[in-house]
Amino acid sequence: QVQLVESGGGLVQAGGSLRLSCAASVRLFSITYMGWHRQAPGKQRELVALITGGSTLYADSVKGRFTISRDNAKNTIDLQMNSLKPEDTAVYYCNMRIFTGSWPPPGDYWGQGTQVTVSS
């Protein structure tokens, strides 16, 4: 069974920092597509950052403040969030997308989410 488990969410004041971590129950490779998404109340889920191979991609709203990284030996990806703003408040979800192969089966896999609340 494929599982993604997030941790590290919480309450922080504006300007503060949090580090989210996502642990996968399967082996991660450098090419594995991994991302962080978030969903604020009443809004659609949006991509925050992704990492695949040696490339990273960030939403414009978090560029320069958030950093995604991976540790293949530990099968984890992290999201370092600095200079947090109240508008960063959301549930943050870890995502793994498998495009080909037999295990894990191709598809999107999601964690249960972790709440991040930034107070003004």
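Guide: By class, the lining of the largest pocket is made up of nine nonpolar, three polar and two charged residues. Keep in mind that this is a predicted model.

Visitor: Which strand gives the largest share of that lining?

Guide: Strand 9, with three residues. The pocket has a volume of about 270 Å³. It has 14 lining residues, and the closest to its centre are Phe29, Ile31, Thr32, Ile98 and Thr100.

Visitor: Why does Asp88 count as buried?

Guide: Buried means under 20% relative accessible area. Asp88 has 1% relative accessibility, so it counts as buried.

Visitor: Where is Asp88, and what is it in contact with?

Guide: You'll find Asp88 in the loop between strand 8 and strand 9. Setting aside neighbours within four places in sequence, Asp88 is in contact with Arg38, Arg65, Phe66, Ser83, Val116 and Val118.

Visitor: What makes a set of residues a nonpolar core?

Guide: The residues have to be buried, come from the nonpolar types on the list, and be joined through side-chain atoms within 4.5 Å. Here the largest such core has 32 residues, and Trp36, Leu79, Met81, Tyr92 and Met96 have the most contacts inside it. Several strands each supply at least two of the core residues, among them strand 4 (33-39), strand 7 (66-71) and strand 11 (114-119). Strand 9 brings the largest share, five residues. In soluble globular proteins, nonpolar side chains tend to be buried together.

Visitor: Which residues is Met96 in contact with?

Guide: Contact takes heavy atoms within 4.5 Å. Beyond neighbours within four places in sequence, the partners of Met96 include Val2, Leu4, Tyr33, Pro104 and Tyr109.

Visitor: How do you know that strand 1 and strand 3 pair?

Guide: Two strands pair if there are at least two bridges between them. Strand 1 (residues 4-7) and strand 3 (residues 18-24) have four, in the antiparallel sense, so they pair. Val5 has Ala23 of strand 3 as its bridge partner.

Visitor: Which residues of strand 1 are on the covered face, and which on the uncovered one?

Guide: Leu4 and Glu6 make up the covered face, while Val5 and Ser7 are on the uncovered one.

Visitor: What do strand 5 and strand 6 form?

Guide: A hairpin, with two residues between the strands. Strand 5 and strand 6 (residues 55-58) pair in the antiparallel sense over four bridges, and Ile51 has Thr56 as its bridge partner in strand 6. In the turn, Gly53 has a positive phi of about 60°.

How values were computed. Residues numbered from 1 in each chain as written. Predicted model: local features only at pLDDT ≥ 70, side-chain atom pairs only at ≥ 80, totals over all residues. Heavy atoms only, no water. Buried < 20%, exposed > 50% of the residue type's maximum accessible area, 1.4 Å probe, protein only. 1 Å grid on protein atoms, 1.4 Å probe; cavity = no way out; pocket = protein on both sides within 12 Å on 5 of 7 lines; lining within 4 Å. Points joined across faces, edges and corners; volume = space filled by probe spheres on them. Nonpolar A, V, L, I, M, F, W, Y, C, P; charged D, E, K, R; others polar.
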